[in-house]
Amino acid sequence: MEIATETKSETIVLKGRKVVAGRAEGEALVTSETISGWGGINERTGTVIERRHEMRGVSFAGKILVFPGAKGSSGWSAYFHMTRLNGVQPAAMIFTRMTTKMALGAVVTRVPAITELDQDPLTVIETGDWVVVDADAGTVTVTKKRS
């Protein structure tokens, strides 16, 4: 006879500052490395193609992208804009370093974006966690993946 055991999921709520309005939820994709737009992503697939990047070959399409921010030239925003036009943009962006390039990229990608969280999202959120970004409320709700 099997006995069912209920496992409670841990939920964490972070508070931050809205960059782009909206609400989205999905699986987190976390990298501790900045991402280069121009030459660092394939805008047709939403895949990181930057050499030596820990996420090389991984697509962020439809994921909650958690990362430090943008690196490279001002072409960063154009490449992320193209991911939106191609339907392979992230569902939302959570980032730690606000720059003009990052702000413009978030705006043209048109997905909920949030920064300046009260805890470091790069240490709190792990790839595979379920994340709800409510940029209007300034909250990120993280349900930890079950081990």
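The rule takes rings of Phe, Tyr and Trp (its six-membered ring) whose centres lie within 6.5 Å; planes under 30 degrees apart are stacked, over 60 edge-to-face, the rest tilted. Start with F67 and W76. Their ring centres are 6.5 Å apart and their planes at 15°, so this pair is stacked. W76 also pairs with F80, again stacked, at 4.1 Å centre to centre and 15° between the planes.

Some ground rules. This is a predicted model, where local features need pLDDT of at least 70 and side-chain atom pairs pLDDT 80 or more, while totals for chains, interfaces and linings use all residues. Residues count from 1 along each chain as its sequence is written, and side-chain values use heavy atoms, with hydrogens and water left out.

Are they buried or exposed? F67 is buried, at 0% relative accessible area. W76 is buried at 0% too, and F80 likewise has 0%. Buried here means under 20% relative accessible area, exposed over 50%, partly exposed in between, with a 1.4 Å probe and protein chains only. One aromatic cluster takes in F60, F67, W76, F80 and F95.

Now helix α1, residues 76-85. Helices are DSSP runs of H or I, at least four residues, and strands are runs of E, at least two, numbered from the N terminus. W76 and F80 both sit in α1, four residues apart, about one turn of the helix. An α-helix has 3.6 residues a turn, so residues three or four places apart point the same way. Which residues of α1 are buried? W76, S77, F80 and T83. Contact means heavy atoms within 4.5 Å. Just after α1, G87 has a positive phi of about 75°.

Next, α2, residues 100-109. Its buried residues are M102, G105, A106 and T109. Down the axis of α2 they span an arc of 100°, so they too line one face of their helix. Their cover includes β2 (17-20), β7 (64-67), β8 (70-71), α1, β9 (92-95) and β10 (113-115).

On to the strands. Two strands pair if DSSP finds at least two bridges between them. Take β3, residues 23-30. Five bridges join β3 to β11, residues 130-134, and the two run antiparallel. A24 stands opposite V133 of β11. Three bridges join β3 to β7, and those two run parallel. In β7, L65 is the partner of L29, and V66 is the partner of V30.

And the other neighbour of that parallel run? Four bridges join β7 to β9, also parallel. V66 has I94 as its bridge partner in β9. Which way do the β7 side chains point? I64 and V66 go one way, L65 and F67 the other, and all are buried.

Last, the record. An unreviewed UniProt entry annotates residues 35-113 as "domain: Phosphomevalonate dehydratase small subunit-like". Such annotations may be inferred rather than shown by experiment; feature names are shortened, and positions follow the numbering used here. In the model, the end C-alpha atoms of that span lie 16 Å apart, and the span is 25% helix and 22% strand.

How values were computed
The arc is that of the directions from the helix axis to the C-beta atoms.
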